[in-house]
Amino acid sequence: MEQTYANVKDREKDARQVILRVVNLSKNFGGIKAVDNVSLDFYTNEIVGIVGDNGAGKSTLIKMISGAYERDSGDIYLDGQHINVENTTEAIKLGIETVYQNNTLVDHLDAPKNFFLGRERVTNNILGRLFGFLDMKSMRQDTLKTLQNLKIELKNINAPVKLLSGGQQQSVVVGRAAYWKGKVIILDEPANNLGVQEQRKVLQLVQSIRDEYGITFIMISHNLEHVFGIADRIVVMRGGKVVGVKKTAETSRNEIVSMITGALDI
Ligand SMILES: Nc1ncnc2c1ncn2[C@@H]1O[C@H](COP(=O)(O)OP(=O)(O)OP(=O)(O)O)[C@@H](O)[C@H]1O
Ligand SMILES: [Mg+2]
């Protein structure tokens with residue numbers, strides 16, 4: 001059967017299902033404990049903001065989840081299964097997609113080719129079966145349909161993605177994750193380097209995908225306005241540790257800032 005987001009709705013039935021669990025994750029660089037014994041649960045259908053000062057360990061934490069870094073110790077469970085992701089390609093196959101500033105798209109390929117990268121569909125005839133002829137037409141149609149459903153506007157889906165704006169490129173990654181039934185989408189500073197309009201569009205896209213497909217988002221951001229605008233929960237990191245997890249509705253910027261700076265410890 002074709003993989004689309006047909007079953008994703010099932011995950012919405014139980015809004016509090018743990019989709020990703022990390023237990024006692026640690027990572028050292030030389031003498032630095034970049035991530036120090038972090039345990040967290042992430043649920044379906046939620047956006048979790050991760051905040052903290054420079055060097056708090058946010059990127060290192062998510063890189064262990066996305067397969068970019070090997071962890072020193074600890075365990076990761078996706079949908080109840082213990083997983084060892086050795087690289088980002090493997091993570092994407094499992095349903096963990098990451099949007100970095102320098103994203104995971106291949107620059108010189110267009111959006112449909114990026115959508116189906118490593119999962120190309122061959123024509124349903126002898127040419128496909130024998131010679132692996134690609135069914136570009138159906139791949140383009142599916143890409144276009146997905147982009148339209150998500151209200152992602154690209155002037156020309158046949159253009160290499162390097163010609164798209166930063167926000168559009170991020171939208172293609174997020175759209176691809178939705179199409180392939182991604183379980184967790186990680187965004188590291190998604191709005192960095194984007195114009196105000198583009199920032200708004202990416203944040204709206206994140207919200208609408210959470211609502212429609214029940215996908216979990218983990219969003220690292222220094223922008224508390226963005227975090228308070230869309231996150232359901234906020235995780236605060238400091239010195240490689242998680243120093244607080246709050247429901248957005250039950251905290252304030254002052255409290256979060258105090259946790260980021262350590263003022264609450266005094
Ligand atoms: N590849 C690396 N090699 C050596 N040290 C690293 C590496 N990556 C991160 N670190 C160190 O680990 C610590 C945590 O860094 P990390 O990038 O995870 O922080 P961050 O919270 O993402 O910060 P920022 O908000 O500045 O992006 C820092 O002290 C950093 O210098
Ligand atoms: Mg970082």
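Asp 142 is buried, at 13% relative accessible area. Here buried means under 20% relative accessible area, exposed over 50% and partly exposed in between, with a 1.4 Å probe and protein chains only. The model is predicted: local features need pLDDT of at least 70, side-chain atom pairs count only at pLDDT 80 or more, and totals for chains, interfaces and linings use all residues. Residues are numbered from 1 along each chain as its sequence is written, chains are lettered from A and ligands numbered from 1 in the order in which they are written, and side-chain values use heavy atoms, with hydrogens and water left out.

Asp 142 has a charged partner. Its side chain meets that of Arg 121 in a salt bridge, 3.0 Å from N to O. Asp 142 lies in helix H6 and Arg 121 in the loop between H4 and helix H5 (126-131), so the pair ties together parts that are 21 residues apart in sequence. A salt bridge is a side-chain nitrogen of Lys or Arg within 4 Å of a carboxyl oxygen of Asp or Glu. Helices (H or I, at least four residues) and strands (E, at least two) are DSSP runs, numbered from the N terminus. Arg 121 is buried too, with a relative accessible area of 15%. Lys 145 joins Arg 121 and Asp 142 in a network of salt bridges.

Helix H6 takes part in another such pair. Arg 140 forms a salt bridge with Asp 110, and their closest N and O atoms are 2.9 Å apart. This pair links distant parts of the chain: Arg 140 sits in helix H6 (residues 136-149), Asp 110 in the loop between strand E6 (96-99) and helix H4 (111-115), 30 residues apart. Arg 140 is partly exposed at 23% relative accessibility. Asp 110 is buried at 5%.

The whole structure holds 11 salt bridges. One of them joins the side chains of Asp 41 and Arg 21, at 2.7 Å from N to O. Asp 41 belongs to strand E2 (residues 32-43) and Arg 21 to strand E1 (residues 18-29), so the bridge ties together parts 20 residues apart in sequence. Asp 41 is partly exposed at 22% relative accessibility. Arg 21 is also partly exposed, at 36%.

Stay on strand E1 for Ser 26. Ser 26 is buried, with a relative accessible area of 11%. Neighbours within four places in sequence aside, Ser 26 is in contact with Val 35, Asp 36, Asn 37, Met 64, Arg 71, Asp 72 and Ser 73. Contact means heavy atoms within 4.5 Å.

Next comes helix H2 (residues 58-66), the place of Ile 65. Ile 65 is buried, at 1% relative accessible area. Again leaving aside neighbours within four places in sequence, Ile 65 is in contact with Leu 20, Val 22, Ile 76, Val 85, Ile 96 and Ile 186. Glu 86 is 21 residues from Ile 65 in sequence and 9.8 Å away in space, C-alpha to C-alpha.

Now turn to helix H7. Helix H7 (residues 166-179) has 14 residues and reaches 20 Å from its first C-alpha to its last. That is close to the 20 Å expected at 1.5 Å a residue, where the expected span is 1.5 Å times one less than the number of residues. Because 12 of its 14 residues are buried, H7 is largely enclosed by the rest of the structure. Among the buried residues are Gly 167, Gln 169, Val 173, Arg 176 and Tyr 179. After H7 comes Lys 181, with a positive phi near 55 degrees.

In soluble globular proteins, nonpolar side chains tend to be buried together. The largest nonpolar core here has 43 residues, of which Ile 209, Phe 217 and Ile 256 touch the most other members. H7 supplies the largest share of this core, six residues. A nonpolar core is a set of buried Ala, Val, Leu, Ile, Met, Phe, Trp, Tyr and Cys residues joined through side-chain atoms within 4.5 Å. Ile 256 is in contact with Val 51, Leu 224, Phe 228, Ile 234, Val 236, Lys 246 and Thr 251, leaving aside neighbours within four places in sequence. A second, separate core of 28 residues includes Ile 19, Val 35, Val 38 and Met 64.

Finally, the surface. Leu 127, in helix H5, is partly exposed at 34% relative accessible area. Ile 126, Leu 127, Leu 130, Phe 131 and Phe 133 form a nonpolar surface patch, with about 530 Å² of accessible area together. Patches are made of residues with over 30% relative accessible area and no salt bridge; like charges are joined within 9 Å, nonpolar side chains (Val, Leu, Ile, Met, Phe, Trp, Tyr) within 5 Å. Accessible areas come from the Shrake-Rupley method with a 1.4 Å probe, and for residues only the protein chains shown count as cover.
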